[in-house]
Amino acid sequence: SAEQHGGSNITVVGETIEHIEYRIEGIPTVQKVKTEDIHEVFLDPNTLPRGLASGQSNLEAGSYDQAIAGFQSVLGSGGANAVHKARAAWGIARAYFAAGDAAAAADALQQLKTEFKQSRYVPGATKLRARALLGLGKVEEARTEFESVKSIGGVSDADKMEADYYIAWIS
């Protein structure tokens, strides 16, 4: 909620595979923390594009069509920054996956990986795309996706182990 963010003097300025970059009010230097050390980044809801906030709320409520529409409005917005657009692309893909549309999810996840190559969502998108491909019966393509997780720079050991688990499971 907005109350939880009140008084924060931290602004996220970048989210990459390897680092979350942020500024602390009054300090001119951008700070970094390893992405693998962060489970989630919560942005001040008062600073989010409307479509991102509504997309997330609708995704959590199971209203997938409305979630997708909200997230798509962010991708088409000239005012949204790269952090917001990558989050919107990730939201679209998760909404398709949650709705059971594996083909649309796989396509949206590939688009995220192509358009936001350095986004912190790439490892998760790769794993989720592999799961979508499994749902489509494309086992070899899924195996290739899981294998690729292990070669993404900045990927946590937990992500690598999860990929190994799925590779063993589908073998």
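## Helix packing and the nonpolar core

V139, R143, F146, E147 and V149 in α7 meet D159, A163, Y166, I167 and I170 in α8, where contact means heavy atoms within 4.5 Å. Helices here are DSSP runs (H or I, at least four residues), numbered from the N terminus. This is a predicted model, in which local features need pLDDT of at least 70 and side-chain atom pairs count only at pLDDT 80 or more, while totals for chains, interfaces and linings use all residues. Residues are numbered from 1 along each chain as its sequence is written, and side-chain values use heavy atoms, with hydrogens and water left out.

**α7 with α8**
- The axes of α7 and α8 come within 8 Å and cross at roughly 155°; axes are lines fitted to C-alpha atoms, for helices over the stretch in contact, and angles run from 0 to 180 degrees between N-to-C directions.
- α7 and α8 are therefore roughly antiparallel to each other (over 145 degrees; under 35 is roughly parallel, 65 to 115 roughly perpendicular and the rest oblique).
- Their crossing is left-handed, meaning that the near helix is turned anticlockwise from the far one by less than a right angle.

**α6 with α7**
- On its other listed partner, α7 packs with α6 at an angle of about 165°, with the axes 8 Å apart.
- That makes α6 roughly antiparallel to α7, and α6 passes α7 in a left-handed crossing.
- Among the residues making the contact are P123, L133 and L134 of α6 and V139, F146 and V149 of α7.
- By class, the contact of α6 with α7 has eight nonpolar, two polar and five charged residues.

**α2 with α4**
- Helix α2 (residues 50-61) and helix α4 (residues 82-98) pack at about 25°, with their axes 10 Å apart.
- α2 and α4 are therefore roughly parallel to each other.
- L52, Q56 and L59 in α2 meet H84, R87, A88, G91, R94 and A95 in α4.

**The nonpolar core**
- The largest nonpolar core has 39 residues, of which F71, W90, L109, L112, L134 and F146 touch the most other members.
- Such a core is a set of buried Ala, Val, Leu, Ile, Met, Phe, Trp, Tyr and Cys residues joined through side-chain atoms within 4.5 Å, with buried meaning under 20% relative accessible area (1.4 Å probe, protein chains only).
- L112 touches residues including A86, A89, W90 and Y121, not counting residues up to four places away in sequence.

Definitions and conventions. Helix = DSSP H or I, 4+ residues; strand = E, 2+ residues; numbered from the N terminus. Buried < 20%, exposed > 50% of the residue type's maximum accessible area, 1.4 Å probe, protein only. Nonpolar A, V, L, I, M, F, W, Y, C, P; charged D, E, K, R; others polar.
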